[in-house]
Amino acid sequence: MAFDGTVIANIVYDLNKEVIGGRLAKIAQPEPDELLFTINKKQGGSVKLVMSANASLPLIYITQTGKPSPISAPNFCMLLRKHIANGRIISITQPETERIIRFEIQHYNDLGDLCTKYIYAEFMGKRSNIIFCDENNMILGAVKHISANMSSLREVLPGREYFYPKTADKKDPLNTSEEEFCGLISSKDADIQKAIYQSYNGISPQIASEICFRSSIDPETMTSSLSKDTKKHIYNHFSWLMDDIKNGRFFPCIIYSGREPVDFSCIKPSMYEGYEIKEFSSVSEVIHTYYKDKEVYSRIRQKSSDLRKVVSNAIDRTRRKYDLQLRQMKDTEKKDKYKLYGELLNAYGYSVKAGEKKCELLNYYTNENIIVPLDSTISAQENSQKYFARYNKLKRTAEALSSQLESSKSELDHLMTIDTSLGIAVSEADLMQIKDELINCGYIKRHTLSKKVSKPGKSTPFHYISSDGFDMYVGKNNLQNDELTFKVANGGDWWFHAKKTPGSHVIVKTGGKEMTDRAFEEAGSLAAYYSGGRNAGKVEIDYLQRKNVKKPNGAKPGFVVYYTNYSLIASTDISALTLVES
């Protein structure tokens, strides 16, 4: 979810519960565009408030951890310390659901008089800023000074009057009527999702999409096609959501796809069907956890970029080779026709006149006449020999291509499993195992990749506990798949894999107990989630006892065969399973 007005509303709600009446014990500026306030709470104890105007990631959240600050405090930090050190936070508000938070702070000046100052934290992407003003809203300083040369709309300089950047033609979503709502969206020549977020402050495309989902309306439906009753229906869901925000009924949560965070929200999302939704005690905890977990996956993707490039190039090269071989094999299908022409010319060549470009002969296999093309410059017997030569050449080509096609298909399937493994990897150790497999299979040479993938610790399979208490193991790559299937599992354990799709081997340790139907379904879900069909929602899964799974001699890592199996259709939702941290 974007850092939009609804998220800001949740933060303001939490801040009003946590820090109103608190004193600013310390003010630091660890980064040029970031402030860190240590606040002694009125009810006792202290918290830290991080406020960042970073253009790519503007944030504000409460935390208990600090950050090292520069030895010499920046000028803006010194200005804040001079005016509001030990000041008391009187109010925290959000104007008209904008992406702005206003802090009202009271303090005593050098003469002992009680004064008021304001901090405006604006979270507007590249225009984000933190602005410090006096009691008359005159700017005293800012993290980013904006001159007239930089913006014709608003100067942010000491001595200028502060006003927040009012978004043209946008209304406050917390104070709108049905008549105004219907009129605004009707005036937009756009789809309903865009019409909503273009009409109201602080409403992101994600929130607009959520409103459409709750209303059972396709977000791409044009506003001109909506009936009056449909607009009223959408308004009702819009209004109910805004009532939750006005009344502080927030649902801070992170949406997970397996272990990877894909989004966060301050309202209970309905549109993420099949994803795990984890609720948190505060939106600050959500923001801190989301970006910390997201950074882990971003770092792994960055570190795996060299491996991904090697695998992608190998897949493209092998697929082109395979497609060329398929086309060549299709051309060899003519061989039987050439053999027939040769046989018929041998049998009836005496009746063919010299110099003819074609002749009609009886096909004694079907008792039907067929036209046989001829080279008019040679005899019927020579034409027959020519056709037999073509037949023999295509026959030899087909025999060679059969083995080449099998090899190319096996190589392509193997590369697709490695590509799937790269999507599963969560640590440098996982990447190292994949690199070892690529080296062993000859796709890369040692020491040819960059040093981004350093020598890590040992990579281990995922370990889940089913709802019924069964231990379930998931291989992260082909080497682990082989180890799980042929070393960890015994003959009575159960083995699961996505049907005709690259993916992980899933082993369920039964311990001699009979597996429940629920355990079968959950193991199937693991095999579905950790496969190339993850985004399909439902995946067909093959499962059988481990004793019936065989590995052919000389087969590539992860490749197995089986001849008797059961099948089930499994969901990719694994939220009911407990992951055991390794």
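Student: What does the side chain of T318 reach, and at what distance?
Tutor: In this predicted model, the T318 side chain reaches the backbone oxygen of A314 at 2.7 Å.

Student: Which helix holds T318, and is T318 buried or exposed?
Tutor: T318 lies in helix α8, residues 305-331. With 3% relative accessibility, T318 counts as buried.

Student: Which residues does T318 touch, leaving aside those up to four places away in sequence?
Tutor: T318 touches S408, E411, L412 and L415.

Student: Changing topic, how many aromatic pairs are there?
Tutor: Searching the whole structure gives 28 aromatic pairs. One of them joins Y118 and Y120, with 6.3 Å centre to centre and 40 degrees between the planes, a tilted arrangement.

Student: Are Y118 and Y120 buried or exposed?
Tutor: Y118 counts as buried at 11% relative accessibility, and Y120 counts as buried at 5%.

Student: What is the geometry of F264 and Y291?
Tutor: Their ring centres are 6.1 Å apart and their planes stand at 65 degrees, so the pair is edge-to-face. F264 belongs to strand β11 (residues 260-265) and Y291 to helix α7 (residues 283-303), so the pair ties together parts 27 residues apart in sequence. F264 counts as buried at 1% relative accessibility, whereas Y291 is partly exposed at 24%.

Student: Which residues form one aromatic cluster?
Tutor: The cluster consists of W494, F496, F520, Y543 and Y566.

Student: Where does the charged end of K476 sit?
Tutor: The charged end of K476 sits over the ring of F462, 4.7 Å from the ring centre.

Student: On to salt bridges: how many does the structure hold?
Tutor: The structure holds 19 salt bridges. Among them is E18 with K41, whose closest N and O atoms are 3.3 Å apart. This pair links distant parts of the chain, 23 residues apart: E18 is in helix α1, and K41 is in the loop between β2 and β3.

Student: And what about K509 and D493?
Tutor: Their side chains meet in a salt bridge at 3.0 Å, N to O. K509 lies in strand β18 and D493 in the loop between α12 and β17, so the pair ties together parts 16 residues apart in sequence. K509 is partly exposed at 24% relative accessible area, while D493 is buried at 1%.

Student: Which residues do salt bridges with shared partners join into one network?
Tutor: E31, E34 and K67 are joined into one network.

Terms used. Residues are numbered from 1 along each chain as its sequence is written. This is a predicted model: local features need pLDDT of at least 70, side-chain atom pairs count only at pLDDT 80 or more; totals for chains, interfaces and linings use all residues. Side-chain values use heavy atoms; hydrogens and water are left out. Rings of Phe, Tyr and Trp (its six-membered ring) pair if their centres lie within 6.5 Å; planes under 30 degrees apart count as stacked, over 60 as edge-to-face and the rest as tilted. Buried means under 20% relative accessible area, exposed over 50%, partly exposed in between (1.4 Å probe, protein chains only). Helices (H or I, at least four residues) and strands (E, at least two) are DSSP runs, numbered from the N terminus. A charge sits over a ring if NZ of Lys or CZ of Arg is within 6 Å of the ring centre and within 35 degrees of the ring normal. A polar contact is a pair of N or O atoms within 3.5 Å; within protein, one must be able to donate a hydrogen and the other to accept it, and residues adjacent in sequence count only if both atoms are side-chain atoms. Contact means heavy atoms within 4.5 Å. A salt bridge is a side-chain nitrogen of Lys or Arg within 4 Å of a carboxyl oxygen of Asp or Glu.
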